[in-house]
Amino acid sequence: MAEAQNIPAGSTTAGAIAVAAESTVATRMSAPPSFDVADFPVPNGREEEWRFTPLARLRGLHDGTAVANGTMKAQIDAPDVVTVESVERGDARIGKAGTPVDRIAAQAFSSFTKATVVTVPKEAVLTEPVRVALHGEGGTTFGHTVFDVQAFAEAVVVIDHTGDGVRAANVDFLVGDGAKLTVVSVQDWDDTAVHVSQHNVLIGRDATFKSIIVTFGGDLVRLHPRVTYAGPGGEAELFGLYFTDAGQHQEHRLLVDHSAPHCKSNVVYKGALQGQDAHAVWIGDVLIEKTAEGTDTYEMNRNLVLTDGARVDSVPNLEIETGEIVGAGHASATGRFDDEQLFYLQSRGIPADEARRLVVRGFFAELVQQIGVDDIEERLLSKIETELQGSV
Amino acid sequence: MATLEIHDLHVTVETGDSATGAREILKGVDLTVKQGETHAIMGPNGSGKSTLAYSLAGHPKYTITGGTVTLDGEDVLEMSVDERARAGLFLAMQYPVEVPGVSVSNFLRTSATAIRGEAPKLRTWVKEVKAAMEQLSMDTSFAERNVNEGFSGGEKKRHEILQLELLKPKIAILDETDSGLDVDALRVVSEGVNRVREGGEVGTLLITHYTRILRYIKPDFVHVFANGRIAESGGAELADQLEAEGYDKYVKGGATA
Ligand SMILES: Nc1ncnc2c1ncn2[C@@H]1O[C@H](COP(=O)(O)OP(=O)(O)OP(=O)(O)O)[C@@H](O)[C@H]1O
Ligand SMILES: [Mg+2]
């Protein structure tokens, strides 16, 4: 069940478990999924899927005024067996994992020029990660990337976003039958960047998908990972951590659509916030369809508010259309690191800055361990240190 | 020999009400606690006992408006909260604070490292913590839980005494460590305090509302605290007198001061 502790002023921690004949997740969207931007009305901010997002800071991505005038330097390093192609729109692999569900995702789809397809061939077991470095050099860019991890292949993909720019993109992950894919996506943008991206994950029969979304930077980041299952036996672990600073808007919206039987999903997102007008939004939609008997799912969002002036909106939402499941649960809690906690730790000899570090590191520890890519883990820890220095 | 000297201590607290402003809670406290001694401070609710404890530990809510506090001649009031702890002051709190995200084991080790000035050797440390927990009848699974999160009242108190045993302060201030404990827990916790006292190296300031705990922890001195100051001091026999007569005499005497 949803629990809430010590909620900072203005923040919301709402939760719902609905047993519904018909999905409200689908009906809450203002238009059905489509590849065509014209099928979506320009949002005015009152729509369910836009109500937390500051539209004025989207730099025109939402209303058609943004034009592709920027550069995003892309570098992909991959083991030899992996192929990297630049393909034309119309390639059969594009859009196979999912369809844009909101106007910006559709805008990105309508506006990209060439897509990148990264293929890990059947049964290839990679010993080194595929590394994708995207460095924004200003201006607006649209992108589409497909990761095609074929049957029984195993891969780790690290996507690293740095620099400045306005970016709208769709990223497709095709996880073949029996394949194992781990994705680490780091949003380490400059504080001026805007990044809106929909991730479409299609998990094959008995396949495993794990993602760790790490968001630090940006003026506005809005990520929308969506998971669907192509067959029974699939497993998804969706982890996320974010550190939202003064003035930043970081939004993570997730959908796990259980349509196939005997699949699992586990969602854990944790965020720390500090500074005036730091705003984190977390929406976790989990849908268990009538056909999905044997589903086992759990989703959790925790937020740690380090200073006054930060705001969290956390909305877990679980819809169950069949009773034949193994388990389903959700939790959301927002707590604050307050003067009393600081006093308690200090009264045990621990200096103030170390006390804050202890709390934040402890809070993130279980997720940092999930990354499994040493240099990213280290970078993350040092990033947390730097963020904390800024707060004292 | 460690000595805590409190002289004419005055403390106010912000009421949050602009008409009232700051309210004086401590009105001239004088007390000297030496290594090896145990002082019981007894007094009615609201008399300022916790205020004294928190002020000594340096809680930011309280403002010192007069007087001095020294530990072995060093000015305690000049020190930050963590400096006081490293200088040898320890406060077992009446209401220990929950710290989400920090495990007890990580907390204890970080704290011991800060107080001892170096990280304790991992092997001996693990044994030390385990032994101390067992003596306090704490399940070792507490080590993996978050600090005080979801602990019962009695578990929180045991956790405070666990820290007392591991951190070995020069001066220990125990604020109503007995409150909310059943008889068994009271005995376990008192034994913990006595183990630390037996070393003869700690001066203890035992704050309590009831005489019950004094059957387990024998004080050398008893002070009656009323209306923000020490109203009377004596030996252990003063506790028996309070047990029989209550605080009425002190409360009425100073209620409108
Ligand atoms: N913020 C505040 N505003 C006004 N009065 C306060 C504030 N904080 C504490 N006080 C008052 O200070 C007085 C002393 O409180 P303190 O907690 O020190 O008492 P105590 O002797 O420890 O009581 P108890 O036996 O209940 O633990 C009380 O009357 C309390 O109401
Ligand atoms: Mg008290």
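Me: In this predicted model, contact means heavy atoms within 4.5 Å. How many residues of domain 1 of chain A are in contact with domain 2 of chain A?

Reply: The domain assignment of chain A places domain 1 at 2–338 and domain 2 at 339–392. Taken over C-alpha atoms, the centres of these two domains of chain A are separated by 25 Å. Domain 2 of chain A brings 26 residues to the contact, and the number from domain 1 of chain A is 31.

Me: Which strand gives the largest share of the side of domain 1 of chain A that touches domain 2 of chain A?

Reply: The two domains of chain A have twelve residue pairs in polar contact, both residues being at pLDDT 80 or more. Several strands of chain A each supply at least two residues to the domain 1 side, among them S7 (154–175), S8 (180–187) and S12 (235–244). The largest share is five residues, and it comes from S12(A).

Me: How many residues does chain B give to the contact with chain A?

Reply: The area buried between chain B and chain A is about 2000 Å², with 67% given by carbon and sulfur atoms. Chain A gives 16 residues to this contact, and the number from chain B is 32.

Me: Which residue of chain A meets Glu160(B) in a salt bridge?

Reply: The count between chain B and chain A is one salt bridge. Its side chains approach to 2.7 Å, N to O, and the partner of Glu160(B) is Arg348(A).

Me: Which helix gives the most to the side of chain B that touches chain A?

Reply: Chain B and chain A have eleven residue pairs in polar contact, both residues being at pLDDT 80 or more. Elements of chain B that each supply at least two residues to this side include helix H1 (49–57), helix H3 (104–116) and helix H5 (153–167). With six residues, the most comes from H3(B).

Me: Which residue has a side-chain N or O atom 2.5 Å from an oxygen atom of ligand 1?

Reply: Ligand 1 is surrounded by 16 residues, the closest being Asn45(B), Gly46(B), Lys49(B), Ser50(B) and Thr51(B). A backbone N or O atom of Ser47(B) lies 3.2 Å from a ligand oxygen, and a side-chain N or O atom of Glu176(B) lies 3.1 Å from a ligand oxygen. The side-chain atom at 2.5 Å belongs to Thr51(B).

Me: How many residues apart are Glu385(A) and Arg361(A)?

Reply: Over all chains, 29 salt bridges are counted. Glu385(A) forms one with Arg361(A), the closest N and O atoms being 3.2 Å apart. Glu385(A) lies in helix H5 (residues 374–389) of chain A and Arg361(A) in helix H4 (residues 352–371) of chain A, so that the pair links distant parts of the chain, with a separation in residues of 24.

Key
Residues numbered from 1 in each chain as written. Chains lettered and ligands numbered in written order. Predicted model: local features only at pLDDT ≥ 70, side-chain atom pairs only at ≥ 80, totals over all residues. Heavy atoms only, no water. Domains from an automatic or database assignment. Polar contact = N/O pair within 3.5 Å; in protein donor to acceptor, adjacent residues only side chain to side chain. Helix = DSSP H or I, 4+ residues; strand = E, 2+ residues; numbered from the N terminus. Buried area = accessible area lost by both parts, 1.4 Å probe. Salt bridge = Lys/Arg side-chain N within 4 Å of Asp/Glu carboxyl O. Near = heavy atom within 4 Å.
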